[in-house]
Amino acid sequence: MKILLIGNPNVGKSAIFSHLTGVSVTTSNYPGTTVEYTKGYMTYKSKKHEVIDVPGTYRLDPVAASEKVAADLVAEGDILLNIVDATNLERNLNLTLQLLEYGKPMVLILNMWDDARHKGIKIDLDQLEALLKIPVIVTNGLTGEGLSGLPKKAVTAQPVTPRKLSSAERWETLGKIVPKVQNLSHRHHTFIERLQDISIHPLSGPPLALALLYLAFTIIITIGEFVTDYTTRLFDLIYTPFILVISRLLGGEGLLHSLLLGELNGGEIDYEGAMGVLTTGVFVALGIVLPFIILFYLVFGFLEDLGYLPRVAIMLDRLLHKVGLHGYSVIPMLLAFGCNVPGVLAIRNLESRRERFITAVMTCTTIPCMAQTALIIKAVGTRGGAYIALTFTTLFSVWSIMGIILKQMVKGKTPSLLMEIPPYRIPNMKTQFKKLRMRIICFLKEAIPYVLGGILLINLLHTSGVITWIGNLFSPIVKGIWGLADETVAALIIGTVRKDAAIALLTPINLSHIQMVIAVVVLTLYFPCVATFTVLLKELGLKDTTKAIGIMLVVTLLTGGGLNLVSRVFGPELIIVGEILFVLLLSFIISLFFQGENLKVVNKHSL
Amino acid sequence: MYKRRLTLATMKNKQSGVVVAIHGGMGLRTRLEAIGIPVGSLIIKKSSSLLGAGPVIVMVGNTEIAIGHGMASRIFVEVDQ
């Protein structure tokens, strides 16, 4: 039997799915968290049933790619479990009426029952059951309360008599049903509701967002630097003796010794520069990147479950229209700061090909993932905080300029933003912990093989002399245009596998401060890592991926060249130039908000 | 009572009214209907950006919905005066 969990976006399908099947899936508080369906199994009376977590949808005549998945799945399902946000009955039941048309066995699950009660909403369950002629249960998906009886109800549900309704008839039916079953009582504004209003109010919202952004960055960078200093000592204390034992077993020298352990420096191992698979490889993944990943997802997970992301989307809607997108594109981009892969997957929630293409290209080109950022903080940060600032300013400038050009280049229309704003929910500790654990496991499984493999590959290329050959081949670009040392080519090769390992490779190369910034910027822009490339290919197709890569290469060539040129002209004053540019850019963006071109459009329509 | 027809974009904050017309193709109407704003629904405007063409935030039933400015100026609402 195929059991489908289906409902509007952000009603808690994934949380219920986790409870039923024990399979961990990402849950959060914004519409569109699940873009691909997840399968799991539920056992009832020693019979195994397939359970599918369907991406949320408002309708069964789809527009966005994630909605299409839902429509296709419903046709195949045997039992439909329709999950409904109890605080929002009228809109949610519209989908219910559409589902009833399939005539399949169905159970209605009123989720967020607690929320509804707090909001003063009373629902007459018996009446609702009688009117819809399907069993109804109430739950709290986050805690799992009320779910124990669900498997029985699901398996014993009977097929319903299908009723075909037109869209107008559906609203009419709802207009009759909802007042009969729902009783609203008035209540005063709660603290959380006030907070909701403050965080998107045009006056208080943006300063709050900036403050939060600053706070998040400070937390991640300060604690991250503190912890990674500590991990260095921890590695010296615990890991070095172990490495020295292996070194002795390998005879202290030879090809295998240098591949696996690299330069041991007589026991005083410099983990960032040793370049062995087991030394630098393991240290970069566990000693530097992992602490930053944990910190990032602690902060991000909280904001995600609170429901802050859609509010950022609203505040940046205008800015994103300037680059041919609308506010929702912020969500894939924010996810990409953790890892580009979920970022690219989230573009499925966007409706037009144009938006999907622009968002994907801008994300993969300019947004460094947390693993990469961790290494940027480590490698560039040692040369002064101003250089980190210069790196990110450059990336942001590229983002803006690229967007403005892409908006002109990519044909098609960008629809207006239309998005439900979920209420704030205080993140549940248990859910937070589960999600963090899932993300860490995912990182360990994805990253470690690539980081270790990448360093092994580069060591092999070094010893075989291939690197020197490739270095000479690309010298006109690397040295000529970007003004970097030929050895940087090794990092560029590894960058196509893993960006964090690539930046680690830069550390032993003798680069000036500015060269370091150029190298890091080039590494961010030129090509996605292999994991991102794979999903990009899947989401955009071969033709658009080829275009995207072409754009990335051109952008890299120009940006690297531009930075090099500016640094040649201004020398060490580049930092000041960078800061001036930053101020100019900022004022440009602010001016975009104030300009009145769209007002004309408003007047035209309001006649 | 005197009624006035405004778009969501030109309505004042905290004004309420009934959606009477949506100027746009079938696509726009179905999109709005699906998210819970069919013609005939009661709508309250909560806020809009101060700086021109930002999204408009409305309350429909218990849900807050953000509507891009372009779309908001195609939704006509009969407002109680």
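In chain B of this predicted model, residues 24 or more positions apart account for 62% of the contacts with a separation of 6 or more.

Taken along the principal axes, the box filled by the C-alpha atoms of chain B is roughly 30 × 30 × 25 Å, and 53% of the 81 residues of the chain count as buried.

Strand β2(B), which covers residues 16-22, pairs in the antiparallel sense with strand β3(B), residues 42-48, over 3 bridges, and also in the antiparallel sense with strand β6(B), residues 75-80, over 5 bridges. Which residue of β3(B) is the bridge partner of S16(B)? That partner is I44(B), while A21(B) has its bridge partner in β6(B), namely F76(B).

| Helix pair | Angle | Axis separation |
|---|---|---|
| α9(A) (residues 205-249) and α17(A) (residues 370-379) | about 75 degrees | 11 Å |
| α23(A) (residues 513-525) and α24(A) (residues 530-570) | roughly 170 degrees | within 9 Å |

Because an angle of 65 to 115 degrees counts as roughly perpendicular, the value of about 75 degrees places α9(A) and α17(A) roughly perpendicular to each other. On the side of α9(A) the contact is made by I221(A), G224(A), E225(A) and T228(A), and on the side of α17(A) by A374(A), I377(A) and K378(A). By class, the residues of this contact between α9(A) and α17(A) divide into 3 nonpolar, 2 polar and 2 charged.

For α23(A) and α24(A), the crossing at roughly 170 degrees falls in the range over 145 degrees that counts as roughly antiparallel, and the two helices are therefore roughly antiparallel to each other. Helix α23(A) contributes I514(A), I518(A), V521(A), V522(A) and L525(A) to the contact, whereas the residues from α24(A) include M552(A), V555(A), T556(A), T559(A), G560(A) and L563(A), with N564(A) and S567(A) also taking part. How many charged residues does the contact of α23(A) with α24(A) have? It has no charged residues, and its remaining classes are 8 nonpolar and 5 polar.

Note on methods. Residues are numbered from 1 along each chain as its sequence is written. Chains are lettered from A and ligands numbered from 1 in the order in which they are written. This is a predicted model: local features need pLDDT of at least 70, side-chain atom pairs count only at pLDDT 80 or more; totals for chains, interfaces and linings use all residues. Two strands pair if DSSP finds at least two bridges between them. Helices (H or I, at least four residues) and strands (E, at least two) are DSSP runs, numbered from the N terminus. Axes are lines fitted to C-alpha atoms, for helices over the stretch in contact, and angles run from 0 to 180 degrees between N-to-C directions. Angles under 35 degrees count as roughly parallel, over 145 as roughly antiparallel, 65 to 115 as roughly perpendicular and the rest as oblique. Two residues are in contact if their C-beta atoms, placed from the backbone, lie within 7 Å. Ala, Val, Leu, Ile, Met, Phe, Trp, Tyr, Cys and Pro count as nonpolar, Asp, Glu, Lys and Arg as charged, and the others, Gly among them, as polar. A residue is buried if 20 or more other C-beta atoms lie within 10 Å of its own, exposed if 12 or fewer, and partly exposed in between; C-beta atoms are placed from the backbone.
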